[in-house]
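Trainee: Could we go through how the labels for this chain are decided?
Mentor: Gladly, have a look first.

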Amino acid sequence: MRISKLYLLIALVTSANAFATDLALSPWAPSLNAEAVAFLPNATERLAAGTRDGLQLLDSQGAELARFKGNFTSLDTRPAGAQVLVASLDNDRQQALLISLDTASKNWGKPMYLPTRDYSVNGLCLYRDSAANLFVFLVGEEGKGEQWLVGNGSTLLTEPQRVRGLPLPPSAQFCQVDDATQQLVVNEENVGWWAYPAHPEADVKRTPVALFDNPKREAGAMALVPGGMVALDPKTAQLHLFQQTGERWAEQSSLSLAGLKEPQQLAINGRQLLVRDDDSGKLYQARLDWQAKPVVVAPVLPEVAALRQSDPVGRQGDAADDPAIWIHPQTPASSRVLGTNKKQGLLAYDLDGKLLQELAVGRLNNVDVRPNFKLGAQTVDLAVASNRDRNSLSLFSIDRQSGELREAGEVTTPLKDIYGICLFQPASGEIYAIANGKDGTFLQYRLSAPDGRVQGELVRQFKLDSQPEGCVADDQRQRLFIGEEDVGVWAVDARADQPATLTSVIKVGPQLHADVEGLALYQSDQRDYLVISSQGNDSYLVVDAEPPFAVHGALRVGLNAAAGIDGASETDGLEVTAVNLGGPWSQGMLVVQDGRKRMPEQTQNFKFVPWAEVARALKLP
């Protein structure tokens, strides 16, 4: 019901605000046989795609300057230094093509073809993200859509990489992307136009731009301009002008294309406009005396790339959750990354992400590790995880030589819905587990196993007002950081015999976006940092781990085109270490859970990022 009312409101606003005037059109290059045309950045040259004359570089009068032979429809471009990157559909091969054009020498580069698809591709469009990665969207029959990584900067990849599938309207033919706002707009012929997030790590959702319930109207090609959109209605031969405000779009006016019977293709550069009439096959030009008001664009956060990623977890859906890093006491390069699968159990990976162990003990949510636990006569390292099947703490011993994990026992809790867990080990050496429930309750247990059987003694209890999850203990300063998902991050004394007085570290706001999820500590000889998963905007915030908890900035984990590793988003848990693990991990490692596995689309996993890249991106001292 709520969606229907929104559609009706958009239709009413569109109807009420629209007023039609004629747009003064004049023929452009009447002898040109082109299916699609695009302006080049210098505004004096144009590009055309045709079934007979191929791809053509043209001057402002339509005279040919260069040609790439073939049979092409659909067209989009992006500047790349002295070159222009061109995307089109090769009708003879029934494949999407990417090719570079040197506008100075008028030379074409070597074409790159996307693999043949198992559906008919109706149209395509390009998108360049803030890290200069170049993508192409394919719009296909029966609602099939795909996003492919095809280049970075001014260079096309040797092999394109499929990023994700995208469900689109069943009668879509045209698409355009606004790189600044990262919005993909797609038409639905008999319904209207829809906007989708274009970033490969974004959630799949759509927002109506303009919808109608009128058989005399048709949603055709569109051109995105800063702050708005110009869209064609082939049935009424009109241009509709839309202004964007937040997530809402409002029609400002409409312009009649007098004399055109079936306008289909559209290109805009500033106030210059080109439109093709499919009925006559001719192109027309005009001056568009309308300009949208630019919208506020979210600040661009620096990006780092994962150098490795774990094997995907063995369960579908929201499964992977929280990582921990076990440090091998003699050979750091043999360390392990532990990860929870909250539909299965505990997983162990090597530093290249290869799965080494699976312990199917139930729905484990969060995990943490500490060294030197006395398990009877043995000294082992200890991993503890929150077990949502039994509202308990699942304990695992870690062999200090081989890194092998074994079940070591269980500590029951009175929590009704156990959630997060972290460990605290003061200088005296005993290990405490701090578990929380969704109702905000925290329970602190002293763990021991004098006769080889683990037990937990409840030594402290306190409560937050709303749901927590992530927590991490600073053993050196005996401080506990806890995340309250919709509120922010708190610090509290980690000692069991001290009051649980909360001190605010950072609140949800412009820099930290709810939900507050994983927390981790990077502790080196120089500085200590608290790293926070800011799930609401798919970023990771780095703050000082000591008062006044100064903020050093936020970053995102973007894709690594060379390694074929996608970025990370919708992150739950994370972990970090400053220990030199060798090779690229000489300054430590950041591990984050990836809630949306792309390139290819698989079950969730964990991404491994060199801390040196984090320090570089945020200019950390």
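What follows is a short talk about the labels and the values behind them.

Mentor: This is a predicted model, where local features need pLDDT of at least 70, side-chain atom pairs count only at pLDDT 80 or more, and totals for chains, interfaces and linings use all residues. Residues are numbered from 1 along each chain as its sequence is written, and side-chain values use heavy atoms, with hydrogens and water left out.

Trainee: Why is Gln 94 called exposed?
Mentor: Its relative accessible area is 65%. Exposed means over 50%, buried under 20% and partly exposed in between, with a 1.4 Å probe and protein chains only. Because 65% is over 50%, Gln 94 counts as exposed.

Trainee: And why is Gln 478 called partly exposed?
Mentor: Gln 478 has a relative accessible area of 27%, which lies between 20% and 50%, so the label is partly exposed.

Trainee: What makes the phi of Gln 94 worth noting?
Mentor: Phi is near 55°, a positive value in a residue other than glycine. Gln 478, not a glycine either, has a positive phi of about 55°.

Trainee: Where is Gln 94 placed?
Mentor: Gln 94 is in the loop between β8 (83-90) and β9 (95-102), while Gln 478 is in the loop between β41 (468-474) and β42 (479-484). Strands are DSSP runs of E, at least two residues, and helices are runs of H or I, at least four, numbered from the N terminus.
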